[in-house]
Number of protein chains: 2
Amino acid sequence: MFTLVMVCDHFSHLEFCERERAVRFSVISLTWDAPFGDAHAPLLSEARELGFEGFEIFFESPRQFDVVRMAEAFAAEGLTPTICAVPNRDRDLSADDPKVRAAGLAYLKDAVDAVADLGGQIVGGPLYGDQVFYGGVPAQLHDAPTRARKRRNVVDGLRQLSEYAGSRGVSLAVEPLNRFETATCTLAEHALELVDEVGAPNLAVLLDTYHMNIDESSIPDAIRATGSRLGHFHANENHRGTPGSGHIPWDATFSALRDINYDGWVVLEPFRRRDNPLGLSQALWRPAGPGDNDDLRGGLEYLQQFSS
Amino acid sequence: MFTLVMVCDHFSHLEFCERERAVRFSVISLTWDAPFGDAHAPLLSEARELGFEGFEIFFESPRQFDVVRMAEAFAAEGLTPTICAVPNRDRDLSADDPKVRAAGLAYLKDAVDAVADLGGQIVGGPLYGDQVFYGGVPAQLHDAPTRARKRRNVVDGLRQLSEYAGSRGVSLAVEPLNRFETATCTLAEHALELVDEVGAPNLAVLLDTYHMNIDESSIPDAIRATGSRLGHFHANENHRGTPGSGHIPWDATFSALRDINYDGWVVLEPFRRRDNPLGLSQALWRPAGPGDNDDLRGGLEYLQQFSS
């Protein structure tokens with residue numbers, strides 16, 4: 001199965017592969033714990049047993065795992081690695097301070113190196129920086145000059161990053177966040193503008209149903225407008241609980257993914273239950289579901305019914 | 001029309017009034033400008049001309065209007081006043097500092113006085129305080145003891161406020177906000193728990209489709225679970241644009257309101273376009289629609305089709 005999928009990656013223009021085209025499901029480390037480190041290697045077999053084909057590392061802190069051994073663990077489980085990069089206020093391509101921008105670029109290059117060394121090809125996330133709610137700073141009004149300045153910084157940083165990622169065989173995917181988490185990129189339209197302006201062949205868009213539910217006029221329309229520039233996908237319920245337990249229009253969402261012939265990853269990132277401090281730090285003030293692995297399997301199976 | 005409505009308010013058990021039962025539409029001052037003051041009296045005739053029967057004052061700052069003259073303006077237009085109270089970090093029933101709690105109570109009593117003096121009967125909003133995103137402070141983790149302490153403060157404050165409001169013939173409605181705007185009350189279930197614990201006959205729940213879209217599992221189910229304890233309602237698009245321009249399930253929402261025989265106010269609070277600094281301060285980083293009065297009329301007419 002894994003081999004077939006890799007073949008399709010390389011020869012997706014061939015008709016015999018067209019018939020095999022389908023999204024593949026992955027799950028993020030954050031669902032269990034953060035930051036991700038060596039001690040979490042057993043999560044890979046849990047993910048595989050639950051039925052996932054990929055595993056996304058929430059790359060929040062400096063690398064806390066031995067990349068050679070972790071690459072072996074991925075290979076042993078037959079799981080494809082991807083990385084979700086998480087800029088913060090100290091490593092931010094949009095920042096005014098050139099040191100913070102340099103730290104942002106260095107951090108993102110490290111994420112590129114990590115995924116390449118693990119045998120993977122995708123780094124996604126809010127690569128532009130400008131973290132608001134989770135940045136530990138008060139929300140601020142961004143006036144037009146501030147927005148223009150940040151935009152220039154981001155375009156410049158993404159150009160350098162794309163070039164570096166290309167040299168390592170890695171693709172990037174820029175994720176719009178909801179209005180509370182950033183002011184720089186809140187719509188598919190914003191991400192597409194960034195991607196167009198940077199103009200790198202390995203820079204695409206990452207869409208997340210959780211953020212789209214807050215800011216887009218229509219989730220399916222945003223997916224269709226992104227079209228072939230969709231490089232990665234996060235499938236989250238409106239309240240970040242188990243997929244199927246909220247009101248995201250999953251049928252219309254997967255129909256739109258089929259309309260654009262998306263055959264990439266669909267990553268689940270449910271937040272877990274109230275007694276998990278991680279949940280609280282993610283502004284989850286009540287249980288989103290039982291939050292155990294059975295619940296996670298249920299979420300995967302629920303989504304799989306729309307994807308075939 | 002205004003007279004008939006008042007009769008129905010007082011005798012809604014009478015069968016002849018049952019036939020007249022329907023929601024009534026109102027619009028918030030915030031849609032045009034803030035803070036609301038004497039200079040905004042002409043907005044009342046704009047609202048009436050657009051087809052609204054009520055006008056909600058976004059009571060953000062110390063009162064900036066002459067209540068006698070404003071009451072005359074409401075009466076002249078035949079509009080019913082309601083007030084949306086907006087606690088902040090300096091006036092907060094949930095605060096540890098007793099002075100801040102006292103300021104919160106004094107502010108809310110002033111809102112009660114204002115609506116009573118204007119000839120109205122409802123003060124709604126996040127009366128419990130605990131403002132996060134718009135509070136100008138970084139988001140913080142609320143551990144269990146913090147949550148319990150805030151809850152006790154809020155229940156105590158709402159008991160005093162309800163008693164005072166009752167003496168002025170005013171009803172209160174507690175509004176859950178989304179997870180980024182507060183940590184104290186993010187679900188209808190949380191508001192119902194508060195209302196039950198306070199146990200005052202004039203304390204009910206205010207639901208807002210914008211916040212429900214982020215945090216509830218199902219908007220119609222949350223409305224039905226609130227049932228007769230729903231005292232006020234805010235009808236906002238998922239992205240705060242004109243109703244009908246996003247993906248809130250309006251048909252199912254109004255069906256649920258009919259199921260529970262809700263015959264109160266439905267208040268529109270769209271944010272306006274990008275060149276309005278107010279929009280930026282509300283984390284609206286792009287246009288939600290043209291944002292003029294024609295657009296607002298369109299939103300009202302769109303919702304009216306579901307409410308008859």
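A residue counts as buried when its relative accessible area is under 20%. In this predicted model, Ser162(A) has a relative accessible area of 3% and is therefore buried. Ser162(A) belongs to helix α6 of chain A, which covers residues 144-167. Leaving aside residues up to four places away in sequence, Ser162(A) touches Leu172(A), Val198(A), Ala200(A), Asn202(A) and Leu203(A).

Chain A also holds a pair of helices in contact. The axes of α10 (residues 250-259) and α12 (residues 293-307) of chain A come within 9 Å and cross at roughly 50°. That angle makes α10(A) oblique to α12(A). The crossing of the two helices, α10(A) and α12(A), is right-handed. The residues that make the contact are listed by helix below.

| Helix | Residues in the contact |
|---|---|
| α10(A) | Trp250(A), Asp251(A), Phe254(A), Arg258(A) |
| α12(A) | Tyr302(A), Leu303(A), Phe306(A), Ser307(A) |

By type, the residues of this contact between α10(A) and α12(A) are five nonpolar, one polar and two charged.

In chain B, eight strands close into a barrel with parallel pairing, in the order β1-β2-β3-β4-β5-β6-β7-β8. From one strand to the next, the twist averages 30°. Strands of a sheet pair through backbone hydrogen bonds, either parallel or antiparallel. Strand β7 (residues 230-235) of chain B pairs with β8 (residues 265-268) of chain B in the parallel sense, over three bridges. His234(B) stands opposite Val267(B), a residue in β8(B).

Helix α5 of chain B (residues 98-118) lies across β2 (54-59), β3 (80-85), β4 (122-125) and β5 (171-174) of chain B. The helix α5(B) runs at about 170° to β3(B).

Conventions:
Residues are numbered from 1 along each chain as its sequence is written. Chains are lettered from A and ligands numbered from 1 in the order in which they are written. This is a predicted model: local features need pLDDT of at least 70, side-chain atom pairs count only at pLDDT 80 or more; totals for chains, interfaces and linings use all residues. Side-chain values use heavy atoms; hydrogens and water are left out. Axes are lines fitted to C-alpha atoms, for helices over the stretch in contact, and angles run from 0 to 180 degrees between N-to-C directions. Helices (H or I, at least four residues) and strands (E, at least two) are DSSP runs, numbered from the N terminus. Angles under 35 degrees count as roughly parallel, over 145 as roughly antiparallel, 65 to 115 as roughly perpendicular and the rest as oblique. A crossing is left-handed if the near helix is turned anticlockwise from the far one by less than a right angle, and right-handed if clockwise. Contact means heavy atoms within 4.5 Å. Ala, Val, Leu, Ile, Met, Phe, Trp, Tyr, Cys and Pro count as nonpolar, Asp, Glu, Lys and Arg as charged, and the others, Gly among them, as polar. Buried means under 20% relative accessible area, exposed over 50%, partly exposed in between (1.4 Å probe, protein chains only). Two strands pair if DSSP finds at least two bridges between them.
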